[in-house]
Amino acid sequence: MSPTLAEKEPKTGLSIFESMEENEHEQIIVCSDPSSGLKAIIAIHNTILGPSLGGVRMWPYESEQAALKDVLRLSRGMTYKAALAGLNLGGGKAVIIGNPKKDKKEAIFRAFGRYVEGLAGRYITAEDVGMSLQDMEWIRMETKYVTGISVSLGGSGDPSPVTAMGVYMGMKATAKKVFGSDSLENRKISIQGAGNVSSHLARYLHKEGAKLYVTDIDEEKLDRLVRDTGAIAVDPDSIYDVDVDIFSPNALGGILNSDTIPRLKCAAVAGGANNQLDDESVHGPMLIERGILYTPDYVINAGGVINVSNELEGYNREYAHEQATRIYDTVTRILEYAETHNVPTYTASNTIAEMRLKQIGRIKSIYASRSHFTGRMGELVGRR
Ligand code: NAD
């Protein structure tokens, strides 16, 4: 799967400084603790809007270069995601090099936590691929700069209800653009996945009177969702062939590709899965040629980052939900911009993110802007 425009992959064969300059990364922290076996890289892409926030991923990278490349592209993607979500946060990400099935131990995560603590709030971490709640709790023993922790530890817990609210609102904005009305009553919508995000999403859609077609490889989850929403169950491989108004991918990345796009029978794609386009430069244009409007995934699924960012200001689920409803306006703006300037929707979203960064970031300082934070965030970053 190729990175998105926002995640733009660094070129290979560059020195560290050249890689950083290429996409204007602010800082790379290489963490090595031989006693625990920790090998990690933290990348801070941009702190114009606020401290950098992004998950930590544990992955058995085939080389240090591959780990560096991944952390550079993912941290850049977070800058764009936070900027478009209207958050006062920058983009960061961390990778721990190791096999999550074999190499996990308390000491590794505590050593990582100490590195995060040492950055004094310039990078705030969260759970990502390969990490568990237990790992995050070990990190939290060493640093307060952690989000997305369990409710019992004072965190916000499962972000998927807020993510689903954002996807629902983004889908309504997409419908308004395509069909002239944002009502989803009687609209035919296919949903890939019956997991956390999709089951909450399907309930919103069912409540509004949409006709749902759902698939999952997990039959138990699928049966439950069918029972709860009256959706029609579809085979995992047939979901692309269903004749619908909107297709909503909420399971895997890379599912908009050369095999699936020619099969789609929908007017729009609007779903929460990350990195839906297998290769943005090839499959973005392919969707346009087929006359299918694509609502960029990282815009419509920003409810997750909105949720954890709320934790920093004193978590309030109602407020997080309310913020996620604003994804409607963001999607509307992006689709309008794309039409007016005759550019793909994913180009429009990047341009709008860059405009916000430019407008807010009068000075590109290596220090995070701190004055607007209150509550836990105020304490974390230290008010000036
Ligand atoms: P989840 O694991 O709860 O649900 C994913 C579901 O997809 C599972 O039920 C799984 O069985 C199913 N699935 C896997 N392969 C499939 C296939 N080939 N066909 C049909 N179904 C398949 O995950 P989630 O938290 O609901 O997240 C879903 C997507 O949304 C992911 O891409 C995730 O990265 C993205 N996302 C999630 C959040 C969040 O708040 N959870 C936030 C932003 C983005």
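How far is an oxygen atom of the ligand from an N or O atom in the side chain of Asn274? The distance is 2.9 Å. This value comes from a predicted model. The report starts at the ligand, then turns to the domains and the salt bridges.

## Around the ligand

The ligand is surrounded by 17 residues. Thr163, Val197, Asp216, Lys221 and Asn274 are the closest.

Asp216 places a polar side-chain atom 2.7 Å from an oxygen atom of the ligand. Asn196 uses its backbone instead: one of its backbone N or O atoms lies 2.9 Å from a ligand oxygen.

## Two domains

The domain assignment divides the protein in two. Domain 1 covers residues 12-153, and domain 2 covers residues 160-348. Their centres, taken over C-alpha atoms, are 27 Å apart. Domain 1 brings 13 residues to the contact, and domain 2 brings 14.

## Where the domains meet

The size of an interface is often given as the accessible area lost when the parts come together. Here, domain 1 and domain 2 bury about 1,200 Å² between them. Carbon and sulfur atoms give 73% of that area. Three residues stand out on the side of domain 1: Lys81, Leu84 and Leu87. They supply 47% of the area that domain 1 buries against domain 2, more than any other three residues.

What about charged and polar pairs? Two residue pairs are in polar contact across the interface. Helix 2 (residues 64-84) gives the largest share of the side of domain 1 that touches domain 2, with four residues. By type, that side of domain 1 has ten nonpolar residues, two polar and one charged.

## Salt bridges

Side chains of opposite charge can pair when their charged atoms come close. The count for this model is 18 salt bridges. One of them joins Glu26 and Arg122. Their closest N and O atoms are 3.3 Å apart.

This pair links distant parts of the chain, 96 residues apart. Glu26 sits in the loop between helix 1 (16-22) and strand 1 (27-33). Arg122 sits in the loop between helix 3 (106-118) and strand 6 (123-124).

Notes. Residues numbered from 1 in each chain as written. Predicted model: local features only at pLDDT ≥ 70, side-chain atom pairs only at ≥ 80, totals over all residues. Heavy atoms only, no water. Domains from an automatic or database assignment. Contact = heavy atoms within 4.5 Å. Buried area = accessible area lost by both parts, 1.4 Å probe. Polar contact = N/O pair within 3.5 Å; in protein donor to acceptor, adjacent residues only side chain to side chain. Helix = DSSP H or I, 4+ residues; strand = E, 2+ residues; numbered from the N terminus. Nonpolar A, V, L, I, M, F, W, Y, C, P; charged D, E, K, R; others polar. Near = heavy atom within 4 Å. Salt bridge = Lys/Arg side-chain N within 4 Å of Asp/Glu carboxyl O.
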